[in-house]
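Trainee: I would like to learn how to read a structure with two chains, one feature at a time. Could you take me through this one?

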Amino acid sequence: MRAAMNTKRNLVTAALIAPAAAWLFVFLVLPFIAMLVFAFGERAPEGGYQAAFTFAQFANLPARATAFWNTLLLAPAGALLCLVVAYPTAYYLAVKANPRYRLMLVSLVVVPFWTSLLVRTYAWMYILGSRGIPNLLALIGIEDVRLLNTPGAVLLGIVYGYLPLMIMPIYVSLEMLDRRLLEASADLGAKPVSTFFGVTLPLSLPGVMTGVALVTILLLGEYLIPQLLGGGKVFFIGNALVDLFLQSRNWPFGSAIAVTLVAVVVVVLMVAMRIAWKVAGTRQVDLV
Amino acid sequence: MTKWYRENAPITADRLAEELMRLKRGSVTRRHFLGVTGLGLATAVLARQPALFNSTAFAEDLGTQMSIATWPNYHDPATFEAFKAATGVAVEVNVFGSNEEMLAKLQAGGTGWDLFVPTNYTISTYAKLGLIDELDLSKLPNYDPSAENPRFANEGTIDGKTYAVPKNWGTTGIAVNSDKIKKPVTSWKDFFEVAMTEADGRAMVHDYQLTTIGNALVSLGYSFNSIKPDELAKAEEVLIKVKPHLYAINSDYQPAMRATDAWMTMCWTNDGAQLNRDMPEIQFVLGKDGGEIWSDFYAIPKSAANKPAGYALLNYLMTPENAVKEHIANGAPTTDSRVLKLLSAEVTSNKIVYPEEAALTPLEFGAAVTLTDPGRAELMARFKAA
């Protein structure tokens with residue numbers, strides 16, 4: 001009887017997982033295998049791929065070292081900046097906002113996602129371009145302010161674009177926070193500030209880690225925002241990949257870089273998840 | 001773009017053309033950008049209404065759908081409407097940002113294009129890789145080789161076989177906002193000097209190895225097409241030195257020039273003509289030390305799904321009465337003497353579009369080798385990463 005139930009349960013599980021598994025196999029695993037094969041190949045004389053087995057592409061990785069460094073600096077920096085802006089917003093939404101308006105306020109955070117990031121980034125080009133903010137500043141006598149195509153514009157675009165992805169996980173972790181813990185903290189004489197740093201912040205850390213990991217990983221492949229708001233003067237790994245596949249058509253070298261990037265992402269993700277679990281685990285033990 | 005199109009949908013052909021020009025002037029069009037983001041693949045299906053009548057002039061079954069890969073703002077949209085009305089074939093337009101990208105897509109396969117618009121220096125590579133076939137000229141009765149300027153048509157023919165027929169020619173020069181820059185800019189040597197002085201923070205170079213490296217080479221007195229390592233190393237020095245002074249590395253320079261965010265840029269003839277028409281203070285000059293002259297062609301991919309329709313559209317575009325509208329729409333000079341006769345004096349006397357022969361003498365056609373040379377590709381990557 002129990003064995004039959006188990007079999008049935010397994011079948012149901014398999015049926016539920018099958019569509020996603022098939023999808024991932026065809027559109028993730030197979031392309032990844034193709035990319036691995038390409039990474040050990042050679043560029044054909046007219047571009048593209050020709051079969052070979054060589055480590056030359058990986059040996060050539062230092063040729064894109066600047067792009068890797070720019071990316072590895074930008075991704076965590078952008079994520080941290082997002083965090084600084086997102087945390088107060090998430091805190092307000094989850095803790096301070098009137099529950100009657102909370103749903104509406106949270107949806108306001110999500111609404112920008114209904115418009116393509118591309119269109120919104122273009123809007124920033126006009127806001128930051130000389131007919132936008134610099135034009136307004138010129139009216140009050142501040143001349144020749146240049147905002148577009150600067151590193152500051154890139155950071156602004158990144159924070160703007162990725163903010164909702166940082167707010168949501170933090171909001172969720174703060175919303176699940178047991179209010180009785182805050183009351184207990186106050187009853188035991190803690191001031192609001194020490195309650196925040198001793199109770200609220202540690203309990204929201206899993207959300208913070210999730211947000212930071214999510215934004216960091218997406219930023220590692222970011223291409224659009226630096227291209228549009230940075231004037232193409234800053235070269236990230238995403239830009240390097242586009243050029244290698246669409247301009248110089250060096251598919252093997254591009255594949256080797258992509259494989260390396262995937263490896264970096266996996267490592268970042270593992271480290272972040274490990275820290276998140278560790279923090280979440282120990283804090284709960286401490287408090288309960 | 002799709003949404004815009006739908007909202008405006010029943011629309012006359014004239015209105016559509018006008019709206020498209022406005023879209024362009026309003027900087028919604030992004031030559032380079034469309035290409036590099038793959039948004040070029042986001043296509044506009046023109047001529048959606050069922051055909052009013054079907055022509056019986058075509059012996060072969062043309063189907064109802066075909067696809068063309070081309071450059072932004074390169075056609076009169078009314079042309080495709082009229083073609084659809086005449087043949088019942090709807091034309092899907094795919095817009096690209098670079099020859100390299102077109103080649104990359106054809107090499108990868110499965111494009112579904114029935115006609116595309118490669119530039120002169122790429123055709124030998126397409127033929128060598130077997131990506132295009134010799135054209136069957138019997139299916140192109142409206143193409144007249146004797147009317148074509150051989151200077152612009154010859155790279156379409158390899159070993160006596162015609163693989164591609166010319167669409168229009170043009171140059172890569174310098175667009176300068178004369179309100180902002182007082183020092184005369186007449187050469188690529190001037191361009192790089194002014195970019196670091198009077199136009200500090202206001203000059204743009206293409207995100208395109210052929211022209212950016214080529215013009216840096218020209219500024220040093222070398223060939224636009226050089227692949228010699230020592231000459232490339234000197235060009236790299238020029239580019240790395242100018243980079244901190246640049247406004248942007250981007251082939252989509254019209255919006256920045258129109259907003260006067262940028263004051264000077266590398267510029268193609270058709271963009272130069274459009275900028276100058278709307279803002280007369282933006283002048284278009286050819287480098288007296290050299291630069292690029294080019295011609296764009298029509299070719300049919302070997303992998304085309306609907307070759308009969310590809311030939312039919314090509315033949316339609318080769319008809320002088322149709323071609324003349326294309327030339328007025330995109331502003332590039334024609335290669336076809338039959339079309340030239342139909343153009344008004346106002347167009348043919350425009351020195352940006354039809355410069356004096358002497359101004360063209362120092363210019364060079366791009367060479368096939370630059371398309372595949374790894375040295376130039378790596379130089380471009382180092383320049384962008386610097």
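This is a predicted model: local features need pLDDT of at least 70, side-chain atom pairs count only at pLDDT 80 or more; totals for chains, interfaces and linings use all residues.

Trainee: How many helices and strands does the secondary structure of chain B come to?

Mentor: Helices (H or I, at least four residues) and strands (E, at least two) are DSSP runs, numbered from the N terminus. In chain B there are 19 helices and 13 strands.

Trainee: What percentage of the residues in chain B is buried?

Mentor: A residue is buried if 20 or more other C-beta atoms lie within 10 Å of its own, exposed if 12 or fewer, and partly exposed in between, with C-beta atoms placed from the backbone. Of the 386 residues in chain B, 53% are buried.

Trainee: Why is helix α13 of chain B described as largely enclosed by the rest of the structure?

Mentor: The helix covers residues 307-317, and it is called largely enclosed because nine of its 11 residues are buried. Among them are K307(B), Y311(B), L314(B) and L317(B). These buried residues pack against several elements of chain B, including α4 (77-87), β12 (292-298) and α14 (320-330).

Trainee: Which residues of α4(B) are buried?

Mentor: Eight of the 11 residues of α4(B) are buried, and the helix is mostly covered. They are P77(B), A78(B), T79(B), F80(B), E81(B), F83(B), K84(B) and T87(B). After α4(B) comes G88(B), which has a positive phi, near 80°.

Trainee: Which way do the residues of β12(B) point?

Mentor: From this strand, E292(B), W294(B), D296(B) and Y298(B) point one way, while I293(B), S295(B) and F297(B) point the other way, and all are buried. Two strands pair if DSSP finds at least two bridges between them. By that rule β12(B) pairs with β7(B) in the antiparallel sense, over seven bridges, and W169(B) stands opposite S295(B). Two bridges also join β12(B) to strand β13 of chain B (residues 364-365), and these two strands run parallel, with E292(B) opposite E364(B).

Trainee: Where does D159(B) lie, and is this residue buried or exposed?

Mentor: Most residues other than glycine have a negative phi. D159(B) has a positive phi, near 50°, and lies in the loop between β5 (157-158) and β6 (161-162) of chain B. The residue is exposed, because 7 other C-beta atoms are within 10 Å. In chain A, R249(A) also has a positive phi, near 55°, and lies in the loop between α11 and α12 (251-287). R249(A) has 24 C-beta neighbours inside 10 Å and so counts as buried.

Trainee: How many residues of chain A are in contact with chain B?

Mentor: Two residues are in contact if their C-beta atoms, placed from the backbone, lie within 7 Å. Here 28 residues of chain A are in contact with 30 residues of chain B. The largest share of the chain A side, seven residues, comes from α11(A). For classes, Ala, Val, Leu, Ile, Met, Phe, Trp, Tyr, Cys and Pro count as nonpolar, Asp, Glu, Lys and Arg as charged, and the others, Gly among them, as polar. By class, the chain A side has 10 nonpolar, 12 polar and six charged residues.

Trainee: At what angle do the axes of α11(A) and helix α5 of chain B cross?

Mentor: Axes are lines fitted to C-alpha atoms, for helices over the stretch in contact, and angles run from 0 to 180 degrees between N-to-C directions. The axes of α11(A) and α5(B) (residues 99-108) come within 7 Å and cross at roughly 70°. Angles of 65 to 115 degrees count as roughly perpendicular, those under 35 as roughly parallel, those over 145 as roughly antiparallel and the rest as oblique, so α11(A) is roughly perpendicular to α5(B). F245(A), L246(A) and Q247(A) of α11(A) and E100(B), E101(B) and A104(B) of α5(B) make the contact.

Definitions and conventions. Residues are numbered from 1 along each chain as its sequence is written. Chains are lettered from A and ligands numbered from 1 in the order in which they are written.
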